[in-house]
Every structure is written in C-alpha cells, then in structure tokens.
Amino acid sequence: MSWQRVRGHDSLIEAFDRAVHRGRLAHAYLFTGPPGVGKRLFAGELAKALLCENSPSGRLAACDRCPACLQVDAGAHPDLFVARRPEDKVEVPIEVMRELCREFSLKPARGRGKVAILDDADDLNDESANCFLKTLEEPPPRSVLLLIGTSVERQLPTILSRCQVIRFAPLSDALVDELLRAQGIADDKVRERLVRLADGSLGQAQALSDPELRAFRQKLLDALIDPRLDSVVLAKTWTESVEEAGKDAAVKRRRAAAMLRLLIDVLEDALRVNVGGTPRYSESDDLPAVQSLAARLDHEQLLALLDRCLEGDAQIDRLVQLVLVLEALVDALGQKLSPRPARSAS
C-alpha cells in the first residue's frame, strides 16, 4: 500500500494525513533537508496519494492499483508534472518554468486535481522564479505544488514566502544500516563504515558504496600521510578515477563530488583531533592520516582547506570544468601540506 517505500518520515506522513482529513492542505510546500534522505520519494508518494482514484474519503492513502496510481508509478499521469534543472544547466531555465506553468494551468484530465513537483528549487534564478510566481500565487483549484530544495537559505524570498516549509531530518543510523542490508550489502564492516560516512543520507551511503570510491579513499589517505604531498600525482589520480565513471558528464560530476566528500570527512576529523576531540568518520586504519593532518596544520589552516573544499563542491555543481576544479583544489591542499620554500632575498 501507499507510503511503504517511505522510511524514517512517519511524523511527516501523519501531518499530511491530518491536513487532508481536516481539509487544510496548503497549495504549495517547500521540502528542505540533506540530499539523499527521501524528499523526492516522499513527493512522489504524496502526489500518488493525492491523485489516487480509490483513496478513502478525507484520508491520504493510495491504493497502488487504480489507473491513476499505475500512471503515477509509470511517470505518465496527465495531471502530474515534474520539472527539474537540466543536467547541462546551472540554473532552472525560464523555458522549463514556462512549460510547467502552461501545463499546470490546463484543466485536470482525470478530475482529481493537479500536482506539480519542482526539483532543484535551489537553482531557480530571478527570471524563472518571476515566471513561477503567478502560478504560485494563484494556482488552479485542487492543485498542489511541491518544491524540493536543500535549505531555506538557498531559496529566493519571493518563493519562500509563498510556500509552507517542510523540513526533512537525516535518517537514523539504524535505518540506513537496515536499508543498506536490504539492498544487498551484507558485510557488517562495510555497512558500518558507510553508515558512519553517510550522515543520515541513504543516497550518500549508496554513492560511497562504489568500489572505485573505496579505492580512491585509500589512495587519498596514503597521499595525506606523505610528508611532502605530490599534488600533481594526486590530481592525476583523482581525475583518472572520475574519468572511469564513464562518458556521462553528470555521472562524472557526481563521482567527483562524492570523492570530495571523502576529503572533507578526513579534514573534519583532523580538525576534531586538532582541538582535542574524537574523530567521527575515520576507522582505525585512517587515524595515521588524520593525526598527520592534525599535527601539521592548525585549526585555522584546516578551516581554510574546508572552505576551499566547499568552494570546489559549488564549482562542481555549477558545471565548472572538472579538471580545473580538481587541479586547483589539490594544488591548494599541496600548498598547505608541502609549502614551497621562501625565496632568498637577492
């Protein structure tokens, strides 16, 4: 039955069910929270429940059998519209928004109402947001707009003020472990490591289960232990690992971002050790690299590197050429760990 695939967000399901039962469903919601915790899945199940033709009166549940439910599952329901940022764009183009607004303004084809899911709400620009405002302010009768983002801070004020914000929390470690086991990851040690690195995100855990990422992580740790980090070799290793993901540019960027996440985790643990804390993400085999970083860099230097990593992550997301992003990032790391000798005065 409906909602069985959504795990870890029972309180939100109950809240939406109460809203429907009381006839107080809002016309627009903004889902925020970390990537990989189920926001998109929740939006899809909510859309199916709202469009189901056999749902109990006044309740939020889908039968999963009627033509409407089957069409939603197949991505073919005429009253469900999904818009997202194209892979080759850094923002949601106004053409995408115009098409969504045009289709959403038409009368429902099956009579239950209309639902629109706007993925990548973080990436609306002023032009596409202004195009969207009229639909957001005056949606068609019996329609619901679901926007998916990461945080309220990344939303334009004009959009944020017209939506009810629904915050999705990270999944519990126990649930992530259970879901990874259900997906066939039987090795307890592997799952334990993935859960620790995932920070409550099943999507992050799935990405890090890639064997190539595990191999790169070891190469990264080995490089960080080296008293004089060879930034040229590390950049080449990183770039080659990204290229092995295939020809699809979006897949390469996702792998590059996941690899960057591994570096961020090591730096954060080094910062914890530097200030007298306990590593969070590292295993016993990782400690030499973490302790080496903590001994060679003070907390300000580690924070500067973390800021540089976050800048690199934003550049990956903004489609800056990957080779340039990775080379600049590794060069910054090399300058901190292997500072060039000062030139003597002439």
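Biologist: What percentage of the 346 residues in the protein is buried?

Modeller: This is a predicted model, and every value here is computed from it. A residue counts as buried when its relative accessible area is under 20%. Of the 346 residues in the protein, the share that counts as buried is 47%.

Biologist: How many helices and how many strands does the protein have?

Modeller: Among contacts between residues at least 6 apart in sequence, 71% join residues at least 24 apart. As for the elements themselves, the protein has 15 helices and five strands.

Biologist: Are α1 and α2 roughly parallel or roughly antiparallel?

Modeller: Helix α1 covers residues 10-21 and helix α2 covers residues 39-51. Angles under 35 degrees count as roughly parallel. The two helices are therefore roughly parallel.

Biologist: Is the crossing of α1 past α2 left-handed or right-handed, and which residues make the contact?

Modeller: The crossing of α1 past α2 is right-handed. On the α2 side, the contact is made by Phe-42, Leu-46 and Leu-50. On the α1 side, the residues are Leu-12, Ile-13, Phe-16 and Val-20.

Biologist: How many nonpolar, polar and charged residues are in the contact of α1 with α2?

Modeller: Phe-16 of α1 and Phe-42 of α2 are among the residues that make the contact, and Phe counts as nonpolar. By class, the contact of α1 with α2 has no charged residues, no polar residues and seven nonpolar residues.

Biologist: Does Arg-142 count as buried or exposed?

Modeller: Arg-142 is in the loop between α5 (126-137) and β4 (143-148). Arg-142 is not a glycine, yet has a positive phi of about 55°. The cut-off for exposed is over 50% relative accessible area. Because its relative accessibility is 53%, Arg-142 counts as exposed.

Biologist: Where does Asp-199 lie, and what is its relative accessible area?

Modeller: Asp-199 has a positive phi of about 55° although it is not a glycine. Asp-199 lies in the loop between α8 (188-198) and α9 (202-208). Asp-199 is partly exposed, and its relative accessible area is 31%.

Terms used
Residues are numbered from 1 along each chain as its sequence is written. This is a predicted model: local features need pLDDT of at least 70, side-chain atom pairs count only at pLDDT 80 or more; totals for chains, interfaces and linings use all residues. Side-chain values use heavy atoms; hydrogens and water are left out. Axes are lines fitted to C-alpha atoms, for helices over the stretch in contact, and angles run from 0 to 180 degrees between N-to-C directions. Helices (H or I, at least four residues) and strands (E, at least two) are DSSP runs, numbered from the N terminus. Angles under 35 degrees count as roughly parallel, over 145 as roughly antiparallel, 65 to 115 as roughly perpendicular and the rest as oblique. A crossing is left-handed if the near helix is turned anticlockwise from the far one by less than a right angle, and right-handed if clockwise. Contact means heavy atoms within 4.5 Å. Buried means under 20% relative accessible area, exposed over 50%, partly exposed in between (1.4 Å probe, protein chains only).
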